[in-house]
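Please read them with the structure open.

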Amino acid sequence: MLPGGAETGIIFAQYLYGKGTTVNPLATLRPLKDRFLAAVDSIKINSISHRSHDGCEQIIKHRNGFAPPVAVLANLYFGAAHIPIRFQCRNVGWRDWEINCFRMLNHDRFQAIALDNTTICLDQLPGKNLFVYLTGGNMTRKIVRAAGRELRRAHGLWSEPMGGWWSHGDASMSNMIYDGSTDRVRLIDFEMKHEKSLPADVRQADDLLVFLLDLLGYVPHRRWLPLAGAFLRTYARPEVIAQLRPRLVAPRGIAKIWWNVRTNAVDPRKVARRLEELGQALDAGEILTTPKPASKAKRSGFARRGASRTFAMQ
């Protein structure tokens, strides 16, 4: 799900090409960037409603009729752009994957069931969407640490359909719910999945990247590295973070269209600058090393100088 609740509706088929057209979508992706981004904001694959049942709040998620053919065209783009995610094209495949993932991650307290081939019912998870905290200027180290813990836990679960360790495929902040009373993040919305042929650490590194791309677009510069560092230190899996490092650059070609979506259309220069800072901090060993408390004098000096590239201030 994309920010603002618009499902990754890159399912731009009907919007971009209309009925009766014979245009080859792969041949015309470059000049259609602006229309593509508009489509992402306007098209929803699923309809969402709520109900109360036996004293429990539930979400009813129904897949709209145009979803399967549109997902096919979206996957053509992903394949052509060498982007490692795919939509579930078949309704039953989507239904089963959504329920399987929700149960695997939340079976301790919450349940999911199928109502029919295109409709599922999920228990409402407690808390607020992380994107609400992010856009409201309320993102904290406590919250990003909770996200890091949950991704680490989820990435340690075996997935039979994936034939390996699990990954989300769309681990944006809009797909995470934070419950402040338990300091727990839970993952939602399993509309997409990674290509199962990819190694698990590559798939999981993509999840980390998606989270970080959300973060960098909304937090002030002085908070970017401390928050990114807190997230990655809590996640604490060096083999996956090693796969993240070479991905901290913008892609080339038609993959830039999706990159623009992932970065919430933030100024590319800002994105490049912050990713470079993170990469340099990783190379210098500043991310996975627990920072030492700074002295009062050093903290005062930091306040006078402004943003620092070290994590001593955490």
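Predicted model: local features only at pLDDT ≥ 70, side-chain atom pairs only at ≥ 80, totals over all residues.

Does Asp189 count as buried or exposed, and at what relative accessibility? Asp189 counts as buried, at 10% relative accessibility.

1. Asp189 and its backbone. Asp189 sits in the loop that runs between β10 (184–187) and β11 (192–194). Its phi is near 55°, a positive value in a residue that is not glycine. Asn264 is another non-glycine residue with a positive phi, of about 55°. Asn264 belongs to the loop between α10 (255–262) and α11 (268–283).

2. Overall make-up. Twelve helices and eleven strands are found in the chain. The chain has 314 residues, and 52% of them count as buried. Of the contacts between residues at least 6 apart in sequence, 71% join residues at least 24 apart.

3. Asp214 is part of helix α7 (residues 200–218). Asp214 is buried but has no salt bridge. The nearest side chain of opposite charge belongs to Arg262, 7.0 Å away; a salt bridge would need a side-chain nitrogen of Lys or Arg within 4 Å of a carboxyl oxygen of Asp or Glu. The side chain of Asp214 does reach the backbone nitrogen of Met173, at 2.8 Å. Apart from neighbours within four places in sequence, Asp214 is in contact with Phe131, Leu134, Ser172, Met173, Ser174, Arg262 and Asn264. Asn264, on that list, is the residue with positive phi from point 1.

4. Nonpolar cores. The largest nonpolar core holds 63 residues, and those with the most contacts inside it are Leu130, Met139, Leu215, Leu232 and Leu278. A second, separate core has 16 residues, among them Ile45, Ala74, Ile254 and Trp258. As for Leu232, its contacts beyond four places in sequence are Leu208, Leu212, Ile241, Leu244, Leu278, Leu282, Ile287 and Leu288.

5. The structure has 14 salt bridges. Glu150 pairs with Arg184, with the closest N and O atoms 3.1 Å apart. Because Glu150 lies in helix α6 (residues 141–155) and Arg184 in strand β10, this pair ties together parts that are 34 residues apart in sequence. Glu150 is buried, with a relative accessible area of 3%, whereas Arg184 counts as partly exposed at 22% relative accessibility. Both belong to a network of salt bridges that links Asp108, Glu150, Arg153, Arg184 and Arg186.

6. Two further salt bridges. Arg245 and Asp283 meet through their side chains at 2.9 Å, N to O. Arg245 is in the loop between α9 (238–244) and α10, and Asp283 is in helix α11, so the pair ties together parts that are 38 residues apart in sequence. Arg245 counts as partly exposed at 27% relative accessibility, and Asp283 is exposed, with a relative accessible area of 55%. Asp96 forms a salt bridge with Arg95, where the closest N and O atoms are 2.9 Å apart. In this pair Asp96 counts as partly exposed, at 39% relative accessibility, and Arg95 counts as buried, at 15%.

7. Cysteines. How many disulfides does a search of the whole structure find? The search finds zero. For Cys56, the closest cysteine sulfur is that of Cys121, 7.8 Å away, which is too far for a bond; a disulfide requires cysteine sulfur atoms within 2.5 Å. Cys56 is partly exposed, with a relative accessible area of 27%. Cys101 counts as buried, at 0% relative accessibility.

8. Pro84. Which part of the chain holds Pro84? Pro84 lies in the loop between α3 (67–80) and β3 (85–87). Pro84 is partly exposed, with a relative accessible area of 24%. Pro84 and Arg203 are 119 residues apart in sequence, yet their C-alpha atoms are 7.8 Å apart in space. Setting aside neighbours within four places in sequence, Pro84 is in contact with Lys193, His194, Glu195, Leu198 and Asp206.

Notes
Residues numbered from 1 in each chain as written. Heavy atoms only, no water. Helix = DSSP H or I, 4+ residues; strand = E, 2+ residues; numbered from the N terminus. Buried < 20%, exposed > 50% of the residue type's maximum accessible area, 1.4 Å probe, protein only. Lys, Arg positive; Asp, Glu negative; His and termini not counted. Polar contact = N/O pair within 3.5 Å; in protein donor to acceptor, adjacent residues only side chain to side chain. Contact = heavy atoms within 4.5 Å. Core = buried A, V, L, I, M, F, W, Y, C linked by side-chain atoms within 4.5 Å.
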